[in-house]
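Biologist: I would like to learn how to read a protein model, feature by feature. Please give me the general idea each time, and then the case at hand.

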Amino acid sequence: MLSDSVVYKTGTGPSSVEPGIQNCRPPLIKMPKLNFAVVCSSNQNRSMAAHKLLSKRGFNVSSFGSGTHCKLPGPTPEEPNIYSFDSSYDDMYNDLTRKDKTLYTQNGILHMLDRNRRIKSKPERFQDCGTRYDCVVSCDERVYDQVIEDFENRGNVDGTPVHLINLNIMDNQEEATIGAVLICELCQQIEECEDLDDNIEDIIKEFEEKNKRTLYHHVAFY
């Protein structure tokens, strides 16, 4: 599995991504009341697909990675491109263009980085973030465990709850697109509920039954 780096089939590109996202048409959030974060490993593929869609729909949303660095596919599985979280999406885009523009155009990496840099300047690491969120959605179990560990390391300051939810999303272009739509649906239900702490279990149960997906849920505290 690739580390939060989208892979397109040769000859595909933006048109293969956008339809799935554009077909998600929940009502626009006019006055968002909750803060959401979406976390994958490198803040490149899954979390950024969700970030783009949620932002379009009017949510208060940020996206993050939880790994120690950002990894993108290289010419072979044994030769990934590794960048620090301080590297901008522009820097990555330009670096891969210099290395092999044809390869990274065909496999969709340059398209992904172009999308990302239109959303924000560089990837962010969740463990370095000081912003508080009402709900944090992770994209696989390893990331979920890292987010839980981070809250344990931070300690309980004032007891403000934060709901951590995991939705397993395979790290490829197609699943990232589907996952973004599912995360949007989940966040819509959470945003519209009257009391998040009281309603969250019912929301999760309804989501699981409708979408045949298993969610993990944990309550952490700031």
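This is a predicted model: local features need pLDDT of at least 70, side-chain atom pairs count only at pLDDT 80 or more; totals for chains, interfaces and linings use all residues.

Biologist: What counts as a helix or a strand, and when do two strands pair?

Modeller: Both are DSSP runs numbered from the N terminus: helices are H or I with at least four residues, strands are E with at least two. Two strands pair if DSSP finds at least two bridges between them. Here four bridges join β5 to β6, and these strands run parallel. Strand β1 (residues 35-40) and strand β5 (residues 135-138) also run parallel and are joined by four bridges. In β5, Val 136 is the bridge partner of Ala 37.

Biologist: In what order do the five strands form the open sheet?

Modeller: The order is β2-β1-β5-β6-β7, with mixed pairing. The edges are β2 (60-65) and β7 (215-221); each has a single partner strand, so one side of each is left without a neighbour in the sheet. On average, neighbouring strands of this sheet are turned by 20° against each other, direction ignored.

Biologist: Which strands does helix α2 lie across?

Modeller: For this you need two terms. Contact means heavy atoms within 4.5 Å. Axes are lines fitted to C-alpha atoms, for helices over the stretch in contact, and angles run from 0 to 180 degrees between N-to-C directions. Helix α2 (residues 46-56) lies across β1 and β2, and runs at about 170° to β2.

Biologist: How many residues of strand β6 are buried?

Modeller: Buried means under 20% relative accessible area, exposed over 50%, and partly exposed in between, using a 1.4 Å probe and protein chains only. In strand β6 (residues 161-167), six of the seven residues are buried, so the strand is mostly covered.

Biologist: Is Arg 115 buried or exposed?

Modeller: Arg 115 counts as buried, at 10% relative accessibility. This residue lies in helix α4 (residues 109-119). Leaving aside neighbours within four places in sequence, Arg 115 is in contact with Gln 44, Asn 45, Met 48, Ala 49 and Lys 52. A polar atom of the Arg 115 side chain lies 2.8 Å from the backbone oxygen of Gln 44.

Biologist: How many salt bridges does the structure hold?

Modeller: A salt bridge is a side-chain nitrogen of Lys or Arg within 4 Å of a carboxyl oxygen of Asp or Glu. The structure holds 14 of them. One of them joins Asp 86 and Lys 122, whose closest N and O atoms are 3.8 Å apart. Asp 86 lies in the loop between β4 (81-83) and α3 (89-106), and Lys 122 in the loop between α4 and β5, so the pair ties together parts that are 36 residues apart in sequence. Asp 86 is exposed, with a relative accessible area of 63%, and Lys 122 is partly exposed at 32%.

Biologist: What is the partner of Lys 120?

Modeller: Lys 120 forms a salt bridge with Glu 124, and the closest N and O atoms are 2.9 Å apart. Lys 120 is buried at 13%, whereas Glu 124 is partly exposed at 34%. Another salt bridge joins the side chains of Arg 125 and Asp 128 (3.8 Å, N to O). Salt bridges can also share partners, and in this way Asp 90, Asp 114, Arg 117 and Arg 118 are joined into one network.

Biologist: How many aromatic pairs does a search of the whole structure find?

Modeller: Rings of Phe, Tyr and Trp (its six-membered ring) pair if their centres lie within 6.5 Å; planes under 30 degrees apart count as stacked, over 60 as edge-to-face and the rest as tilted. The search finds six such pairs. In one of them, the rings of Phe 36 and Phe 59 have centres 5.7 Å apart and planes at 85°, so the pair is edge-to-face. Phe 36 is in strand β1 and Phe 59 in the loop between α2 and β2, 23 residues apart. Both residues are buried.

Terms used
Residues are numbered from 1 along each chain as its sequence is written. Side-chain values use heavy atoms; hydrogens and water are left out. A polar contact is a pair of N or O atoms within 3.5 Å; within protein, one must be able to donate a hydrogen and the other to accept it, and residues adjacent in sequence count only if both atoms are side-chain atoms.
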